[in-house]
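Please have a look at the sequence and the structure before reading on.

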4 protein chains.
Amino acid sequence: MAQSPVSAILLISCPDGPGLVAAVTDFVFSHNGNILQLDQHVDQQENVFFMRIEWDMTGFSLDRDTVEVAFAPLAKFYEMDWQLHFSDTRTKMVLFVSKQSHVLYDVLSRWQSGEFQVDIPLIVSNHDTLATVAQQFDIPFRVFSINKENKAAVEQEQIALLDDIQPDLIVLARYMQIITDDFIQHYPSQIINIHHSFLPAFIGARPYHQAFARGVKIIGATSHYVTADLDAGPIIEQDVARVTHKDSVRSMVRKGQDLEKTVLSRAVYYHLQHRILVYNNKTVVFD
Amino acid sequence: MAQSPVSAILLISCPDGPGLVAAVTDFVFSHNGNILQLDQHVDQQENVFFMRIEWDMTGFSLDRDTVEVAFAPLAKFYEMDWQLHFSDTRTKMVLFVSKQSHVLYDVLSRWQSGEFQVDIPLIVSNHDTLATVAQQFDIPFRVFSINKENKAAVEQEQIALLDDIQPDLIVLARYMQIITDDFIQHYPSQIINIHHSFLPAFIGARPYHQAFARGVKIIGATSHYVTADLDAGPIIEQDVARVTHKDSVRSMVRKGQDLEKTVLSRAVYYHLQHRILVYNNKTVVFD
Amino acid sequence: MAQSPVSAILLISCPDGPGLVAAVTDFVFSHNGNILQLDQHVDQQENVFFMRIEWDMTGFSLDRDTVEVAFAPLAKFYEMDWQLHFSDTRTKMVLFVSKQSHVLYDVLSRWQSGEFQVDIPLIVSNHDTLATVAQQFDIPFRVFSINKENKAAVEQEQIALLDDIQPDLIVLARYMQIITDDFIQHYPSQIINIHHSFLPAFIGARPYHQAFARGVKIIGATSHYVTADLDAGPIIEQDVARVTHKDSVRSMVRKGQDLEKTVLSRAVYYHLQHRILVYNNKTVVFD
Amino acid sequence: MAQSPVSAILLISCPDGPGLVAAVTDFVFSHNGNILQLDQHVDQQENVFFMRIEWDMTGFSLDRDTVEVAFAPLAKFYEMDWQLHFSDTRTKMVLFVSKQSHVLYDVLSRWQSGEFQVDIPLIVSNHDTLATVAQQFDIPFRVFSINKENKAAVEQEQIALLDDIQPDLIVLARYMQIITDDFIQHYPSQIINIHHSFLPAFIGARPYHQAFARGVKIIGATSHYVTADLDAGPIIEQDVARVTHKDSVRSMVRKGQDLEKTVLSRAVYYHLQHRILVYNNKTVVFD
């Protein structure tokens, strides 16, 4: 994958109107760009236009530093929110964990195999349980003991630490702490959480216990961007598994862990590929 | 299927304790019964034992009228709740519908093909929209116009009508009315509803609109026994389908209708086969 | 749905090259068309470009009879295979059935509810078993008794009958006869079959028996366009269901029937919406 | 989990006949055993009876060394094939791998977290690529370079090595070599393989390439016991994922890897819990 030619990825959202696709594709075409993938979507109810366009930079007549300047007038004319990415930029991803290892191992194994082409400069935890895992993969590991009294202060420390690193993405890999609004606002649409239920069912603590008590026949997992409302941020991906009366809470936990791993990893993958647009507390995922 | 030999089906729940399976299987064996299927389950948390045992009546040394009497002492000793069924008893099933035809057609088509071996003496509706469907299948159709004022009175009429029929099962096949506690108590664990969401998410009205607004990536359907709490009865079966940002409420409705049909039909099938035990607002489904 | 404004749908495939999306969207935009949906795909391996573009005809500056003429030069320049459809054209769909009713009822119920906006001028069968179903829905029903001797002659009769009707789509709704190459070539990519396995597993007769014998843990259904090779045509849609050692062939048949209904109906729906492009014995389905 | 009381697990298969369940449950009951779980199945076609019964050894009147002797007469009378296991016996599991790390990491992570309560005395590979992974988890790693000429000799070396270890289970965790009949016969129903297709589709090499070429809309993975026929052994577990025309072989590989991990781990879990009975090249899995 390292030898793939570099591509540019443009993510756009703006008020819908005629000529948008033509204008953007003309821009790429007129500079000799070959479109690799184009996805667009119109939310008819909200009248919002969304687009992801990826083109090969080989032979493109603008070099990468001038693309933004060249595109800006068009973006302004159509009142676009937009982001430009290049496929060879390495994302910095910080992981937050607690005591359970399954999601952490899964993420690190994808990183080792090259499925996630990222740098992982830091793992943060509120317990030292997983220090050995971090060590296995030779990644710095920082423990912050958290209690009611020190919570606010600890978070300021964490924010300071992250400010040094400037991560592009923070993944809560079964981090069992609620993070505050202040923290979240430092990283809008950059914090991905995995919640162990098919949201909006079973918000909050101990969702497998809730699922067991309600007697559901399916359990699920949901990855979402973190917002100020607990477990209520924009959903990126969900999946489910069947359970029966034979399942105890313990076996639901076991089955659910597989969902947590795959559902989180798909969300991270989409994010790394710049395939997600957020609006209205929902996501457009161009898979 | 009509020529299958008759089998007896015993459904048991009681406090767990040693010797239960041995006692019941001895009872069957000592009267020359050949067990066709045996399922048991213990809820370790509640310490409740559940069992379904089905045996061939061919060569059984008790005739069907004396099985109950013969089994009663054992049942009393173990404090069992129990039901005895014979496979050749035809269930009387009444359908409640409203304006949408998809579930009704699906149920009737399964009845026509022999998948549901039942009698359908009546279809009840609050609108006359589906009268033509009932006519196609030559089934009596009764319309009750319902409004806030007459609701209680209409329900008394419905109960009187049903008392004449004595249905074994009432299926709410997208009947869009809330039925009262009084009605429900006439038919405990005998009324099956299909709700168009993966409960407990999106209880109440317009679940597809709720799902669209929340931006979920899966939609679902849930069949459950009706209890006094709206959409909170024991869940029998659930299933889900993927949706994306491309789905409008309308396309969610379209995709969801297929779920509604299959999820309801599985619940009805389990019920007809006497495979469901209800306790603690949950179900044991011996599939 | 009847009141929706009319839209035009253009399906395109051609050798990939720069400027294709820009050229087509410019064509629509320059005639005041508002794009409702645009999907494109490039098969990188084969270097083929595929596109589906749908725009609102309200306010479009070309009337529907002149769109083709206006688009033709551009199509020629890019060596496009292309089709133009309008959303208000009613498809003529002929059904072929045999003895089993479940798929037929399902298709007819979707037609009755308006999910399939088609005309059904004829149902063809090799048995009279389902004549009553056709009668319920008031659709002409023609029986052709088929045996080894008369097979070729019967097919010529069928072709003659169809030539009168000029169907846009023929659906083999569990029609248990192999149709000949000659017949197929009259209706290229216009005959959809439902096969009761997850192809390419269990081609040919009695796939549920084959599945049972192999001891698989999932069964499936596949809808595909019919080609000269048995069960080897371009796959449109597939789905699966879990089975266990408890399942007999009979219960696999019962579970599989639900798959057959949904998988066929999705394929028909995609076809009716002009969302399928066929190439290389595969399909591009813009859902 | 380590503190769970010890339970005994009896796996039985024999010709079906009356009184089997009663006889076995009487045996347990008469020695003061409390049944924790009982599953039985009758293959009506083959007339074979299968049973798994698990009971608490606390208070059981036979100690674990005498259970076999006490049960033997009953087993002989009914011509049973049977196995007796105790829940606290640690399984010895050897892993065979090649160059891909995803399944290996997944298995080792489940071992680390205690989901798999096994000893892993050895990892075998035909390449040294994954030596570092073995090292991370501190497990002996042996490389055997294999080519056409030395294949038979190498296998004899492997068999000798395994004979020293006496593994209870060998897991081919994406080991890309065909193992010979001779090797297999040393470990009947003790070698589990993961094949990256929904068997029996796409047997043999490069199943994702085969799937891409055929244009399927679902891909799958299958775990099975290894027999002399390539990819034709008794299937333990299967699962699938959706793909579309957008998927390349590379993205199918990526999506399929998640299936491989979960499908293999479920099979291993069932095996470790003594929940699988093999007969007729099929499995009964009492989940």
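## Basis of the model

This is a predicted model, in which local features need pLDDT of at least 70 and side-chain atom pairs count only at pLDDT 80 or more, while totals for chains, interfaces and linings use all residues. Residues are numbered from 1 along each chain as its sequence is written, chains are lettered from A and ligands numbered from 1 in the order in which they are written, and side-chain values use heavy atoms, with hydrogens and water left out.

## Where chain B meets chain C

Let's start with the contact (heavy atoms within 4.5 Å), to which chain B and chain C each bring 23 residues. About 1,900 Å² is buried between the two chains, with carbon and sulfur atoms giving 41%; this area is the accessible area (1.4 Å probe) that two parts lose on being put together, summed over both. Tyr105(B), Gln136(B) and Arg254(B) supply 26% of what chain B buries against chain C, more than any other three residues.

Six salt bridges cross this interface, each defined as a side-chain nitrogen of Lys or Arg within 4 Å of a carboxyl oxygen of Asp or Glu. In one, Lys261(C) pairs with Asp106(B), and the closest N and O atoms are 2.9 Å apart. On the side of chain B that touches chain C, helix H3 (102-112) and helix H8 (249-272) are the elements that give two or more residues; helices here are DSSP runs of H or I, at least four residues, and strands are runs of E, at least two, numbered from the N terminus. H8(B) gives the largest share, eight residues.

## Salt bridges within a chain

Asp106(B) also forms a salt bridge with Arg110(B), at 2.8 Å between the closest N and O atoms. Both residues lie in helix H3 of chain B, four residues apart, about one turn of the helix.

In chain C, Arg52(C) and Glu54(C) meet at 3.1 Å, N to O. Arg52(C) is buried at 1%, and Glu54(C) is buried at 13%.

## Chains A and D

Over all chains, the search finds 60 salt bridges. Lys246(A) and Asp287(D) form one of them, at 3.1 Å. Lys246(A) lies in the loop between strand E11 (235-242) and helix H8 (249-272) of chain A, and Asp287(D) in the segment after strand E13 (282-285) of chain D, so the pair joins two chains. Lys246(A) is partly exposed at 33%, as is Asp287(D) at 43%.

Note on methods. Buried < 20%, exposed > 50% of the residue type's maximum accessible area, 1.4 Å probe, protein only.
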